[in-house]
Amino acid sequence: MESAKRKRCPRSVLCCVFVLCTQLQVTLTGDCPADGRTWVPFQDKCYHFVHGEEDKIKSYTFQRAKTLCQGFELLTVQSAEENDFVIKYSPAVWKGIVNVWLGMYYDTNNDEMRWLGEDPVRFTNWEDSSSPSDLVPLDTCVALHSNTGKWENVSCLDDVENGVICETDQTEEAKRKPSALLSALVILSVVAIVGVSAVVWFLHQKHSPGSSIFTAFEYHPPFRVLETDRSCLVEAEETDSVP
């Protein structure tokens with residue numbers, strides 16, 4: 001029973017360390033800019049939902065929306081998962097239906113829609129009634145409806161929308177800092193768990209009758225037959241051989 005307890009102890013320590021590492025990795029995710037604004041990590045990007053003043057009507061032109069991002073990009077949606085993330089997180093920031101500016105424009109040189117970073121548009125989620133040719137090409141921008149996730153063509157110059165989301169890539173520098181912190185916390189946690197386990201083990205040995213702290217390290221020689229038992233065996237064989 002005692003040996004079984006000793007075998008379970010290291011395994012329980014390893015389980016605790018594994019759970020702790022997993023929780024720390026979850027806690028330290030979010031390698032986003034530390035500029036005083038609230039950034040939400042998703043996949044390999046970070047998003048800032050511009051909240052605006054409470055209980056006031058939000059109204060942003062396309063140019064104002066780009067200015068609010070202050071050096072970052074307007075929202076670009078590259079996949080259905082990213083589109084779903086935006087519509088699911090929006091109610092946590094805004095009340096009611098919000099139309100969000102997308103960082104998309106009509107490129108007259110190539111006669112196609114492109115993102116502001118000059119990336120081609122590979123994923124789309126247009127409303128059934130929308131198409132890039134509905135408006136004058138030079139004046140074509142796009143808004144995303146937060147209630148449906150659908151995209152609509154709007155005017156870059158004349159229309160105003162009530163939602164702005166800025167985005168940026170997660171930085172490599174920010175990723176290295178949580179990794180170093182994670183390593184330090186894991187090391188300290190392992191030391192603490194091992195220390196507590198050692199104290200519990202010593203207290204158990206101290207209060208267990210007939211045991212000492214060296215019980216686990218006692219040397220047990222191989223099994224051998226005692227001399228008295230061997231002589232008994234010889235006598236038994238002689239008795240059996242007598243007719």
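This is a predicted model: local features need pLDDT of at least 70, side-chain atom pairs count only at pLDDT 80 or more; totals for chains, interfaces and linings use all residues.
A residue counts as buried when its relative accessible area is under 20%.

In an α-helix, residues three or four places apart point the same way, because each turn takes 3.6 residues.

Now for the aromatic rings. There are 11 aromatic pairs in the model. In one of them, Trp 39 and Phe 72 have ring centres 4.8 Å apart and planes at 70 degrees; angles over 60 count as edge-to-face, so this pair is edge-to-face. The two partners come from distant parts of the chain, 33 residues apart: Trp 39 sits in the loop between helix 1 (2–27) and strand 1, and Phe 72 in the loop between helix 2 (62–68) and strand 3 (73–74). Trp 39 has a relative accessible area of 9%, so it is buried, whereas Phe 72, at 25%, is partly exposed.

Our two tryptophans return here: the ring centres of Trp 115 and Trp 151 are 6.1 Å apart with planes at 75 degrees, so they too are edge-to-face. Trp 115 belongs to strand 5 (residues 112–115) and Trp 151 to strand 7, so the pair ties together parts 36 residues apart in sequence.

Finally, look for one aromatic cluster, formed by Phe 42, Tyr 47, Phe 49, Phe 85, Tyr 89 and Trp 94.

Methods. Residues are numbered from 1 along each chain as its sequence is written. Side-chain values use heavy atoms; hydrogens and water are left out. Rings of Phe, Tyr and Trp (its six-membered ring) pair if their centres lie within 6.5 Å; planes under 30 degrees apart count as stacked, over 60 as edge-to-face and the rest as tilted. Helices (H or I, at least four residues) and strands (E, at least two) are DSSP runs, numbered from the N terminus. Buried means under 20% relative accessible area, exposed over 50%, partly exposed in between (1.4 Å probe, protein chains only).
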